[in-house]
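Please look over the model before reading on.

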Amino acid sequence: DVAVVGAGPGGLATAIALQRAGVDVVVFEQRERIRPAGVAVFIWPHGLRNLRAICAETTTEVINAGATIDTIAIEQLTPTTSASETLVRIDVAGWSERVNLPPQIGITWARLTNALRGGLRDGTVRLGHALEGMTMTTDADGEEGDVVLTFAPPRSGGDAPPPVRVRGCVVGADGRNSKVRELTFGGGASEERDAASATSSPATTSAPEANVYYALSPNPPPGAGGAGAFNELRFVLCDGSGISLLDVGRGNLDLAEDGSAGDAAADAAPPAGQLMFGTTRFSERARAFETPEQRLAHLETLFRGTTPLLERAVSSTAPGAVVQTTLFDRPAAAKWSRGRVTLLGDASHCMYPSLGLGISTAFGDAVELSRCLLGGGGDGGGDALCEMTFADVERRLQTYERRRIPVAWALQTGSRLMHEVLAATSERPASDARGTVDVSGAFFKAWQGALWLFGDRPEEKTAKAKEQEQEKKKATEDVSPRS
């Protein structure tokens, strides 16, 4: 009934929602093997709320596989020193508690997709299926009918997988370089690069494909004096770079080479956990390195003389573990669907990672798409979808895109604005060298002020912590034996 192209979080969440309603769904993934990589993501409470609407059990598995994030902090570091200035600090745990939302978490891509695949029946995800062609058939009356998917031969050799006929719809959840988008609406990678140039911020005009580096490090890193990222997301701006440090719990520790749960006992003294460091070089042109060691050495030069945490987070990483990519977004698409085909996640609204909204937004897409296809959900959804005419499916997909495009546009715009602010702030001089007009500083002060008005008040939390400590002390004295 439904073919989902791409086994990322958005595609897997969509498959879970449809399969639980009785729809016959298959997920096609171009990778031939699942391998854990040094990439992690931040999921906001509203993202987990959307996932919970799909499957509460899977959501619990996802939360348990990551680290709860209590605090988000953005600070500016003076180059070649350890002097820092806190720009904004957010008590996200307090926000979740006040509005009764799930926690926010940091989690590796491998742990997240493992948990999501666990919510599907065996055999739902088919590896080694790289989409090559997509053809719409017609019936005897000339009406559009099924969609036929064809696949390329595997890179490891052998024959191409057989074609697949899809009676319901095709969901393109295959990321920013979406083959489904290319086959449906035209354009390819070169067009995407042009779009990136057109939407780059002033700080990245000369380098629309600025370098981004990701890796997992021990938490805390050895030699950092016990400093680490514990239940927090810390974003440090320094000399044209934005460095994110995200607690990801156990990270990819205990995972086997294929991404499955490994044998923790194989390591006599495993690290307590892992953190992900991600470095965005706002003003650095995309570049290639001849060896992984050269790439790591380049990163080490960027943070030499700064804090022990930053220095050791980089230097304690294995050279081959650093993932390098480029940074860009895509203009909001005016149309996501055509006939029986629609887009979801980064395939339709790739955005800057500055607000960490990508996964949460994809989960929102999955909820809305499943609701539209199922007409509100419920048992028998598979039979109903199978019996829909072409016009029925087309109308439901149009409803999906009409509801989600404005939301995605707003989130893309916010992410782009935040990217521009962070890029500009990363080049801002130290406080004693700034002029009278400090736009970036005013932005963060306004942000912190708005948080205070809506209940994020450090002085109240400090007073409450003291009160709790006094109550704890009093309770201890009350139960102590008297002489």
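At roughly what angle do the axes of helix H11 and helix H13 cross? The axes of H11 (residues 358–374) and H13 (residues 390–426) cross at roughly 160 degrees and come within 8 Å. H11 is therefore roughly antiparallel to H13 (angle over 145 degrees). The crossing is right-handed. In H11, the contact (heavy atoms within 4.5 Å) includes Thr361, Gly364, Asp365 and Glu368. H13 contributes residues including Arg396, Tyr400, Arg403 and Arg404. Seven residues of this contact are nonpolar, three polar and five charged.

This is a predicted model, where local features need pLDDT of at least 70, side-chain atom pairs count only at pLDDT 80 or more, and totals for chains, interfaces and linings use all residues. Residues are numbered from 1 along each chain as its sequence is written, and side-chain values use heavy atoms, without hydrogens and water.

Helix H1 (residues 9–20) packs against helix H5 (residues 109–117) at about 15 degrees, with axes 9 Å apart. H1 is therefore roughly parallel to H5 (angle under 35 degrees). Their crossing is left-handed. Pro9, Leu12 and Ile16 of H1 meet Trp109, Leu112, Thr113, Leu116 and Arg117 of H5. This contact has six nonpolar residues, one polar and one charged.

Now the cysteines. The structure holds zero disulfides (pairs of cysteine sulfur atoms within 2.5 Å).

| Residue | Relative accessibility |
|---|---|
| Cys55 | 5%, buried |
| Cys350 | 4%, buried |

Key: Axes are lines fitted to C-alpha atoms, for helices over the stretch in contact, and angles run from 0 to 180 degrees between N-to-C directions. Helices (H or I, at least four residues) and strands (E, at least two) are DSSP runs, numbered from the N terminus. Angles under 35 degrees count as roughly parallel, over 145 as roughly antiparallel, 65 to 115 as roughly perpendicular and the rest as oblique. A crossing is left-handed if the near helix is turned anticlockwise from the far one by less than a right angle, and right-handed if clockwise. Ala, Val, Leu, Ile, Met, Phe, Trp, Tyr, Cys and Pro count as nonpolar, Asp, Glu, Lys and Arg as charged, and the others, Gly among them, as polar. Buried means under 20% relative accessible area, exposed over 50%, partly exposed in between (1.4 Å probe, protein chains only).
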